[in-house]
Amino acid sequence: MTVIPRSHPRYRSLVVRAGLAEQMQRGLVVPEGLMAHGRGEAFDYLLGERTSPSAARAERAAAAKLLLAKHPVLSVNGNVAALASREVASVARAIPHLQVEVNLFHRTPRRAELVAGELRAAGVKTVLGVRPTARLRGLASDRSWVDPRGILRADVVLVPLEDGDRAGALVQAGKFVIAVDLNPLSRTAKVAQLPLVDELTRALTRVRREALRLRKEERRTLEKVADAVSGPELRREALRTIQERLLRLSKARA
Ligand code: PTJ
């Protein structure tokens, strides 16, 4: 394996890439997942590789929404398992009624087992969706396979790195969709009621922190926090963050 010098200015990014490439060889991540990651990285560059104030508000609202939900589910694909299994386990500990479900676009029984294994190793106690028996309506891909105990009956679904079709099918099925997607122009970010335009590990870490802060609050307070943001406004603010940053950089001397 290539040795990545700690002194490299992009050390963290290179380590993450190497990890994904290794997980692709194991079969946890699909080749398309590497392309999806590259697209995410490009948007993260534009956003300044940090959580914007509007994303922070969205993440607080997401924590409130998940605490308020009757049957909240966090959906996990290959990229999410490879990048953030530990963060998924931490969110599930902070919100004890949150269920974790495997959901794959490129589904094979082996990949479903690999994702579940990664999540269990990170500390997720119960993993749904390994052998799903129900299907979401209006979706032709294998992403329609869901667990009747999980996504099928969920009222709120947190879907990181999702494709727009499934996010749309979930909304059509009456669910409240919280997406994590660095691309504010993606169809997923557009159809989700609550788009978190932030990098996955940063977003999940904040959702967990906010859930721990909010979990003793009354229902009315949680409802206020959850209702304080709107999807279209969050996407506009993400675009403004990019616009202002590019404008600033275009005026800088070096
Ligand atoms: O494991 P599978 O079979 O379910 O397949 C998973 C992939 C990721 C291949 C599949 O969901 C896919 O093709 O996704 P898309 O349609 O490329 O969408 C992924 C979105 O996530 C893109 O808009 C990226 O900008 C965004 N993204 C990628 N990496 C990150 C991210 N957003 C937040 N954090 C990231 N680390």
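A charge sits over a ring if NZ of Lys or CZ of Arg is within 6 Å of the ring centre and within 35 degrees of the ring normal. In this predicted model, K65 meets that description, lying over the face of F176 at 4.3 Å from the ring centre. The model is predicted, and local features need pLDDT of at least 70, side-chain atom pairs count only at pLDDT 80 or more, while totals for chains, interfaces and linings use all residues. Residues are numbered from 1 along each chain as its sequence is written, and side-chain values use heavy atoms, with hydrogens and water left out.

**Aromatic rings**

- Rings of Phe, Tyr and Trp (its six-membered ring) pair if their centres lie within 6.5 Å, with planes under 30 degrees apart counted as stacked, over 60 as edge-to-face and the rest as tilted.
- Under this rule, the model has 0 aromatic pairs.

**Surroundings of the ligand**

- The ligand has 25 residues around it, and those that come nearest are G78, F105, H106, R111 and D181; a residue is near a molecule or strand if one of its heavy atoms lies within 4 Å of it.
- The shell around the ligand comprises 7 nonpolar, 9 polar and 9 charged residues.
- In this classification, Ala, Val, Leu, Ile, Met, Phe, Trp, Tyr, Cys and Pro count as nonpolar, Asp, Glu, Lys and Arg as charged, and the others, Gly among them, as polar.

**Polar contacts and cover of the ligand**

- A polar contact is a pair of N or O atoms within 3.5 Å; within protein, one must be able to donate a hydrogen and the other to accept it, and residues adjacent in sequence count only if both atoms are side-chain atoms.
- H106 has a polar backbone atom 2.9 Å from an oxygen atom of the ligand.
- R143 places a polar side-chain atom 3.1 Å from an oxygen atom of the ligand.
- D181 has an N or O atom in its side chain at 2.9 Å from an oxygen atom of the ligand.
- On its own the ligand has 740 Å² of accessible area, of which the protein covers 92%; accessible areas come from the Shrake-Rupley method with a 1.4 Å probe, and for residues only the protein chains shown count as cover.
- Two or more residues of the shell around the ligand come from each of the elements α2 (31-47) and α4 (78-94), and α2 gives the most, with 6 residues.
- Helices (H or I, at least four residues) and strands (E, at least two) are DSSP runs, numbered from the N terminus.

**Residues with positive phi**

- E49, in the loop between α2 and α3 (53-68), has a phi near 55 degrees, a positive value in a residue other than glycine.
- E49 is partly exposed, with a relative accessible area of 34%; buried means under 20% relative accessible area, exposed over 50%, and partly exposed in between (1.4 Å probe, protein chains only).
- L161 belongs to the loop between β6 (156-160) and α6 (164-172), and its phi is near 50 degrees, again a positive value in a residue other than glycine.
- L161 is partly exposed, at a relative accessible area of 28%.

**Positions in helices**

- V191 lies in helix α7 (residues 187-191) and is partly exposed, with a relative accessible area of 34%.
- Between the C-alpha atoms of V191 and R166 there are 9.8 Å, and the two residues are 25 residues apart along the chain.
- T221 is part of helix α9 (residues 219-227) and counts as partly exposed at 30% relative accessibility.
- T221 and A64 are 157 residues apart along the chain, with their C-alpha atoms separated by 8.8 Å.

**Positions in loops**

- E199 sits in the loop between β8 (194-196) and α8 (200-214) and is buried, with a relative accessible area of 14%.
- G27 falls in the loop between α1 (11-26) and α2 and counts as buried at 16% relative accessibility.
- G27 and H8 are 19 residues apart along the chain, and their C-alpha atoms are separated by 28 Å.
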